[in-house]
Number of protein chains: 2
Amino acid sequence: MERSVEIFDSTLRDGAQGEGISFSVEDKLAIVQKLDELGVTFIEAGNPGSNPKDLEFFRRVNETQRKHAQLVAFGSTRRKGIKAEDDGNIRALLAADTPVVAVFGKCWDLHVTQILGTTLEENLSMIEDTCSYLAGRGKRVFFDAEHFFDGYKENPEFAMEALRAAQKGGAACLALCDTNGGCFPDEIARITKAVAEAFPELTVSIHTHNDGGMAVANSIMAVEAGASQVQGTFLGFGERCGNANLSTVVANLQLKRGIRCIPEENLKLLTATARAIAEISNLMLNKTEPYVGSSAFAHKAGMHADGVMKLPRSFEHIPPETVGNERRFLMSEISGKAAVFSKIQKVCPRLTKDSPETGRIVKKLKDLENEGYQFDGADSSFELLIRKNTGAYRPFFELIHYQIISSRPTDPSASASAVVKVRVGEKLQLMAAEGNGPVNALDQALRAALEVFYPALSKVRLIDYKVRVMDGKNATGAKVRVLISSTDGRRVWTTVGASSDVVEASWIALVDSIEYKLIKDAEDILLGN
Amino acid sequence: MERSVEIFDSTLRDGAQGEGISFSVEDKLAIVQKLDELGVTFIEAGNPGSNPKDLEFFRRVNETQRKHAQLVAFGSTRRKGIKAEDDGNIRALLAADTPVVAVFGKCWDLHVTQILGTTLEENLSMIEDTCSYLAGRGKRVFFDAEHFFDGYKENPEFAMEALRAAQKGGAACLALCDTNGGCFPDEIARITKAVAEAFPELTVSIHTHNDGGMAVANSIMAVEAGASQVQGTFLGFGERCGNANLSTVVANLQLKRGIRCIPEENLKLLTATARAIAEISNLMLNKTEPYVGSSAFAHKAGMHADGVMKLPRSFEHIPPETVGNERRFLMSEISGKAAVFSKIQKVCPRLTKDSPETGRIVKKLKDLENEGYQFDGADSSFELLIRKNTGAYRPFFELIHYQIISSRPTDPSASASAVVKVRVGEKLQLMAAEGNGPVNALDQALRAALEVFYPALSKVRLIDYKVRVMDGKNATGAKVRVLISSTDGRRVWTTVGASSDVVEASWIALVDSIEYKLIKDAEDILLGN
């Protein structure tokens, strides 16, 4: 691999501008560690001048070691009319004690006169003074050329002068920003090329936003035009529509163009890193996220599934394991028998396509789909279905009875209560619980009753609950499908139930969730896991 | 505006390949209507050969009229070794009775030999025969050149021969597909240009997938290279990482490049259309979706918010109202007041922006949104909210008490029963009912109790019921939002309720539905309707 680019991650700085994102110091430390393990080049970790919590973070992070990444503190050029050394923000930048600082300055004449309210000359001095002050104190200075592309389109001379001011001040890197996120790949390529040709001694970096849905493509086209650093956030979140998604950029450049972004052996950490950062950020990782989403290699159409089984590259642009992801076959009325069979074989390798059990499972699957089930996304219920039809199953408990009472007006702490009676072996167990609504009350009561027999269930938490009304025309009498995702801290599994009664549909998915956990625990014992 | 491109929406066909997507016939009819109102050129609505439900859909949709869009049925070229007229899938395509049919065929030699298991010659005949058979029966034939780009990169002669076979067979349009979704904008542009130059008499269309996160950019670059039709799905969902997101493509092309995609006056429907399609598909529309997401014009950084207030274009790539979206300032009191006010004035024209009632409604609305309400699709609940805060409301009944019992095992005809007691004036009414589940039982009992006083309610039917779990992480204790659509045969109205108890959320939406009906009946009397 001849060429390489630097990856500059701003998840902790520009990413924190995303709606609903809020990092604690602990969150930030954990994300720095994940990004460093993956091997990004720079981590822009905060804005110490505008956020006092960030100074505390920099103090703590500087006590730890990193393998690959250099830390960057972010701030703005000095305010108009004062000296750099008198600007509190710039003093805060130095106090962050990072090897690299990124300072942003105005490159669009409109912003200088209309927003900052100063002259073009003073703006150029602000850029040069700030870079030179920081460079003089031993910092490597990256100049973030704010609104560079919009500015260049309206006044290319002034935009280029701003870059020259940064260069004169000693900046090592010019980061060209599409701050408003509306530029097109062809514009980005043309303008980046002009800058790279004009500043051959400096690193040219690209910083894009996704307001036109093209942040990744814009970054890639800038690299092709001469940029050698890409700024973005690891999951693509950030102000408004977000920043360029670095997990996509890294995979695209390294796998498709042979341009090194992170150590080759770390590419397979990409999916796990994305999922860990989503977890720390308290976000659901988008299923359809390129490369790292759970649907990125999920095949639904029967013909696609058949093709992939014959020859993976027929319907996969890369082998999923390259980025640490995995292939999945979704079950649906349009998916073929071959995909179903490959799942059956995973659970029960002795079965062939012609075994009577295979035919029975395929038929049962179709019947259940007609009743409103959908196993696409509920692999664990599908595994139980296979087990129930091949003898590899025994029930872990028997329901004797449940009764739920919802009422209004009611005790404000709980709008419903449930009583559940189960039998395990010879023993009967009655348990009552209250909850927010009938399903929550039933969930609490059932799990309390079964924990008496199966203490391992106390580790199980439900992490997602979805309700889909299938044929809205029957209104409150319509069929609903419930999907429940559970975890025991080690595994995550999803189960499904369908019924015209939301309580019953939830009950079915809940029972599957519990049985699946108990079966996997038994399997672990047998396999010595 | 000189140039235009055709917009070919495949939400109902390729979109249905997305994980977790499952459309009922009613859902599909509703989406066709939304897309037609927006003004797309073609709606690819199903695959009648592989999905028998789709034939039923085509029968129903052909009974309705459309303003803009032509319907397309999708299928494959004939199977190897048989005649087109003997292929059941092709007969199903004709039976769908659409003006346009899209047939896909193999353009990558690898697929022909390894997946189809036939010769390159037979594959070319399959393409030509199928196009010519369908064109001979009066269909306008679009040829979907599957894996065109990957095929062209490995064997350009064969890929081009496949297109020539379609042309010979009478195809009117060549849709170049990046089926595996891994191509780059520069490759897409180069190859599309070669095709557009070789087939100047035919429409060249671009069909991209998002496995590299660049489906939108790839579509745009293809249009710049000569494509005059873009295929995609309206929210970008589809197989694996999804298809090109048409809501982004349309806005990009029409607003930034002056290329007409939909009638100019309909651009402002873009956001409402995206939200309605998400609602019908039971998906959460991604907040960060370009142009139409709720964060697309949300400003968090203080400096950005200040800049936008001085001069919107300083931090917004387009004015949000152009696409029917709105600007928001996060964590601020002034968000959306103008938008809310325009709704308030519709119900209560005497109010001004400064009336104390206006401030009260805006505050109440914010509180309710924090509790999980969303009034976007529930205008009737919003009207009631305005009425309750301006004195234009009186309650039609008082709930004394309800109690619902769900149990299992149970009478198979009804898994729940409800008792409701209401007061109207001085009169008390107690009513009991059974139902499929707690919500259905409550619905039956409440309406039976109120019909004693308001016989007009016997005409009301609930026609849709949707449940949306808002924060899945709290599992069965999560907040849910319930949307109910009702009709009395003359009007259709939608109401909303939110709670962590699905029964309570349904109750709130149900009460709004009934009150709205009674208020509209009273209005009709006053206005002499």
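This is a predicted model: local features need pLDDT of at least 70, side-chain atom pairs count only at pLDDT 80 or more; totals for chains, interfaces and linings use all residues.
**Group meeting: a walk through a two-chain model**

How many residues take part where the chains touch? On the chain B side there are 97, in contact with 97 residues of chain A. The element of chain B that gives the most to that side is E11(B), residues 398–408, with nine residues. If you sort the chain B side by class, you get 38 nonpolar, 40 polar and 19 charged residues.

A word on confidence. For the complex, the predictor reports an ipTM of 0.76 and a pTM of 0.76. Chain A averages a pLDDT of 91, and 96% of its residues score at least 70.

Now let's step back and look at chain A as a whole. You can find 17 helices and 16 strands in it. Its C-alpha trace spans about 85 × 60 × 50 Å along the principal axes. Of the 529 residues in chain A, 56% are buried. And if you take contacts in chain A between residues at least 6 apart in sequence, 67% of them join residues at least 24 apart.

Staying with chain A, find helix H10, residues 246–256. Ten of its eleven residues are buried, so H10(A) is largely enclosed by the rest of the structure. Among the buried ones are A:Leu246, A:Val249, A:Val250 and A:Leu253, along with A:Asn252 and A:Gln254. What covers them? The cover includes strand E1 (6–9), helix H9 (215–224), strand E8 (229–232) and helix H11 (270–280) of chain A. After H10(A) comes A:Gly258, with a positive phi near 65°.

Over in chain B, look at helix H10, residues 246–256. Ten of the eleven residues of H10(B) are buried, including B:Ser247, B:Thr248 and B:Ala251. They pack against strand E1 (6–9), helix H9 (215–224), strand E8 (229–232) and helix H11 (270–280) of chain B. Just after H10(B), B:Gly258 takes a positive phi of about 65°.

Next, a strand in chain B: E6, residues 173–178. Is E6(B) mostly covered or mostly open? Mostly covered: six of its six residues are buried. B:Cys173, B:Ala175 and B:Cys177 point one way, while B:Leu174, B:Leu176 and B:Asp178 point the other way, and all are buried. E6(B) has a parallel partner in strand E5, residues 140–146 of chain B, over four bridges, and there B:Phe142 stands opposite B:Cys173. E6(B) also pairs in the parallel sense with strand E7, residues 203–208 of chain B, over six bridges. In that pairing, B:Cys177 stands opposite B:His207.

Now move along chain B to an open sheet of three strands, in the order E14-E15-E16, with antiparallel pairing. Which strands are at the edges? They are E14 (461–469) and E16 (492–499) of chain B, each pairing on one side only. From one strand to the next, the twist averages 15°. E15, residues 480–487 of chain B, and E16(B) pair over eight antiparallel bridges, and one pair of bridge partners is B:Leu483 with B:Val496. Helix H17 of chain B, residues 502–527, packs on this sheet and touches E14, E15 and E16 of chain B. The direction of H17(B) makes about 150° with that of E16(B).

Last stop, back in chain A, with two helices that cross. The axes of helix H15, residues 379–388, and helix H17, residues 502–527, come within 10 Å and cross at roughly 75°. That angle makes H15(A) roughly perpendicular to H17(A). From H15(A) you have A:Ser380, A:Ser381 and A:Leu384, and they meet A:Asp512, A:Glu515 and A:Tyr516 in H17(A). By class, that contact has two nonpolar, two polar and two charged residues.

Conventions
Residues are numbered from 1 along each chain as its sequence is written. Chains are lettered from A and ligands numbered from 1 in the order in which they are written. pLDDT is the predictor's confidence in each residue, from 0 to 100. Axes are lines fitted to C-alpha atoms, for helices over the stretch in contact, and angles run from 0 to 180 degrees between N-to-C directions. Angles under 35 degrees count as roughly parallel, over 145 as roughly antiparallel, 65 to 115 as roughly perpendicular and the rest as oblique. Two residues are in contact if their C-beta atoms, placed from the backbone, lie within 7 Å. Ala, Val, Leu, Ile, Met, Phe, Trp, Tyr, Cys and Pro count as nonpolar, Asp, Glu, Lys and Arg as charged, and the others, Gly among them, as polar. Two strands pair if DSSP finds at least two bridges between them. A residue is buried if 20 or more other C-beta atoms lie within 10 Å of its own, exposed if 12 or fewer, and partly exposed in between; C-beta atoms are placed from the backbone.
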